[in-house]
Structures are given as C-alpha cells and as structure tokens.
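Here's a quick briefing to read alongside the coordinates. Have the sequence handy as you go through the points.

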Amino acid sequence: MTAPTAPRPLADLTGTIVLVGAGKMGTAMLDAWLALGLSPKQVVVIEPQPTSELSALAARGLTLNPPLPAVHDVAAIVLAVKPQVAPTVVPTLAPLLAPDTVVLSIMAGRTLGFLAGALTQHTALVRAMPNTPAAIGRGITVAVPNAQVTQRQRELVHALLAATGMVEWVDDEALMDAVTAVSGSGPAYVFLLAESLSAAGAAAGLPPELANKLARATVSGSGELLNRSTLDPASLRQNVTSPGGTTAAALDVLMAADGMTRLMNRAVIAATRRSRELAG
Ligand SMILES: NC(=O)c1ccc[n+]([C@@H]2O[C@H](COP(=O)([O-])OP(=O)(O)OC[C@H]3O[C@@H](n4cnc5c(N)ncnc54)[C@H](OP(=O)(O)O)[C@@H]3O)[C@@H](O)[C@H]2O)c1
C-alpha cells in the first residue's frame, strides 16, 4: 500500500507572495510554504541580511531583494519585520499593491489602523498573531481582517498561516491584546514551568542534570498527551490525581487561593495591559 500524498494547498496558488523580513518567524513561514508546494519562483523576499539558506533558495528561483518596481502580480505581502521598523518599512511597500493584493501583518501590536495609515485606507489587511511553535508546524495563529478583505483573500491568508499550525479568525481587533497575552507570549510561560519544575527538583535533592531532564520530558510529554487526547486539561489532571496522594499534595499548593490560577490570571492581565500600551 502506498502512503497517501500529503495535501499541497499552496501548490495551486497564483501570483507572487512578498515576504518582508526573513527572521525567525518569517523563515518559519517561508519554509512551511515551500514544504506545502509553493514554488520558490512565486516568492519575493525583502531581507537586509539574507542567510545562506535564503541565497540557496535564490538559486532555485526565489527573488531576493529586487528593486520594488520590478515586482508584479502580488497576491500577498507578508510583513514579518519587528514592529519598531514598521513606520519606515511599511510605507515603502505601497508601490507593490495591486487591486487584489492582501497584506498580512504578523507584527505584534501594529494595528489595522496603523497599517491602513502606512499604506492606503482601501488596502485589504489582515493582522495576525502567531506563536513560536510555528517553527515546528505546531503554532496557533489568531487573525483579524479589515472590511476590505474578500473571501478569496481570506482563504489565501488562511492557507499561508495554516502552513505553520492552527488558525483562528476573530472579528474584534480588541481581542488581539488578550490573544497576545495567552498564545503569543504563552510559550514563555510553559518554558518557565519547565525551568521552575527543574529548579524545584534540584532543591529537593536531585542532581541538577537529572532534574532538568525530568522537567523537560514531563512538560513536553504532557503537552503531547494533551495534544493527542480528546479530554480537557482538567480531566487529564484529575486522571493522574489520587485522593490523598502525592500529586494531590502538590496540587493543594498549586491550586490554593494564591496559587497558579491566580498567578496566571495576573500574568495574562499584565501582558494584555502591556500589549494595549504598545499598540499603535
Ligand atoms: N518570534 C515570535 O514568537 C513572534 C510571535 C508573534 C509575532 N511575532 C512578530 O513577528 C515579527 C518578526 O519577529 P521575529 O521574531 O521573526 O523577528 P526577527 O527574527 O528579528 O526578524 C525580523 C527580520 O526582519 C528583518 N528586517 C529588518 N529591517 C528590515 C527591512 N527594512 N526590510 C526587510 N526586512 C527587515 C530583520 O533583519 P535584521 O536582523 O538585519 O534587522 C530580521 O531578519 C515581529 O513583528 C514580531 O512581533 C513574532
């Protein structure tokens, strides 16, 4: 029996995709698009410091740092530069816009209003917030469109984002601050959990290397168990907690009034507030 062929949703795409900024996130997206069948010949990358991998792709037909007037038939512009450089970079891209071009921004805190002001008020725009597991195809991205985005443009953006994991759409841009606080910043909270579990293991007398290994495998293995399970996290937790046992003793501390739920709530409120302060 032959293995089923993986779907190649980007293989049939027409037009050019312009990626602006091939850093960590831009490169993760580009790699995923190419893996899904997008031809390097359909990709233009604007990146001041191209990696050797990018130069190798240029040898396969990808266009690297062309003069902008030479770029035509742009289906989508993907903005993956740091938010700080956006005011200087985004307005320079206006000549690339054709009537059916959609602009997808993954820049944290850069609003649809900012993007429309930097380009034109009638540009079709999608603001999205991915997260770092995108690098292994296990990210989750939340996207919000402006009123100019057509169904076809939305499908194209969905395909570009789904290449790195799950995609959720919202209509209310104000939700993006809380999205940033939960899934955008969330991987750091999980890494901190592994760090603190490791440190606590060492404090309890384990050799630090063993504590580190146990914490790392426990966090990543539990994450994968959650990923594969149909149960919700609370049920999975209850399934490994016997009344009066060791896990219950730890959870009495973690779930106390001043425990993890309250701390996580405060953390997400702080990140949401900071996201609101930085937005523009
Ligand atoms: N990483 C994440 O987990 C994550 C999550 C959600 C959203 N985001 C958003 O994704 C965006 C990219 O983040 P990142 O982590 O990938 O950052 P990064 O690694 O610093 O990538 C940004 C890239 O843009 C390049 N660049 C700078 N100026 C440019 C210009 N004028 N034209 C074209 N490219 C230019 C940078 O080149 P130089 O290195 O030469 O400056 C760099 O390669 C940010 O806006 C961030 O808010 C990231």
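Asp73 counts as exposed in this predicted model, because its relative accessibility is 57% and the cut-off for exposed is over 50%. Asp73 also has a positive phi, about 55°, even though it isn't a glycine.

- Asn65 is partly exposed, at 36% relative accessible area.

- Eight strands make up an open sheet with mixed pairing, in the order 3-2-1-4-5-6-7-8.
- Strand 3 (63-64) and strand 8 (165-169) are the edge strands; each has a single partner, so one side of each has no neighbour in the sheet.
- Further in, strand 5 (residues 102-105) runs parallel to strand 6 (residues 124-129), and the two pair over four bridges.
- Leu104 is opposite Val126 of strand 6.

**Around Arg138**
- Arg138 belongs to the loop linking strand 6 and strand 7 (139-145).
- With a relative accessible area of 43%, Arg138 is partly exposed.
- Leaving aside residues up to four places away in sequence, Arg138 touches Pro133, Thr164, Glu224 and Asn227.
- Arg138 and Ala162 are 24 residues apart in sequence, and their C-alpha atoms are 9.7 Å apart.

**Nonpolar cores**
- As a rule for soluble globular proteins, nonpolar side chains tend to be buried together.
- The largest nonpolar core here has 37 residues, and Ile17, Leu30 and Trp33 touch the most other members.
- Beyond residues up to four places away in sequence, Leu30 touches Leu19, Val43, Val45, Leu54, Leu57 and Leu62.
- Another core, of 29 residues, lies apart from that one and includes Val81, Val142, Val144 and Val170.

**The second largest pocket**
- This pocket has a volume of about 920 Å³.
- Its lining takes in 36 residues, and the closest to the pocket centre are Lys24, Met25, Ala80, Val81 and Lys82.
- Helix 1 (24-35), helix 6 (176-184), helix 7 (186-203) and helix 11 (260-278) are the elements that each give two or more residues to the lining.
- What classes of residue line the second largest pocket? The lining has 22 nonpolar, ten polar and four charged residues.

Methods: Residues are numbered from 1 along each chain as its sequence is written. This is a predicted model: local features need pLDDT of at least 70, side-chain atom pairs count only at pLDDT 80 or more; totals for chains, interfaces and linings use all residues. Side-chain values use heavy atoms; hydrogens and water are left out. A nonpolar core is a set of buried Ala, Val, Leu, Ile, Met, Phe, Trp, Tyr and Cys residues joined through side-chain atoms within 4.5 Å. Buried means under 20% relative accessible area, exposed over 50%, partly exposed in between (1.4 Å probe, protein chains only). Contact means heavy atoms within 4.5 Å. On a 1 Å grid over the protein atoms alone, a cavity is a set of points where a 1.4 Å probe fits but cannot get out, and a pocket is an open set with protein on both sides within 12 Å along at least five of seven lines; lining residues have an atom within 4 Å of a point. Grid points are joined across faces, edges and corners, and a volume is the space filled by probe spheres set on the points. Ala, Val, Leu, Ile, Met, Phe, Trp, Tyr, Cys and Pro count as nonpolar, Asp, Glu, Lys and Arg as charged, and the others, Gly among them, as polar. Two strands pair if DSSP finds at least two bridges between them.
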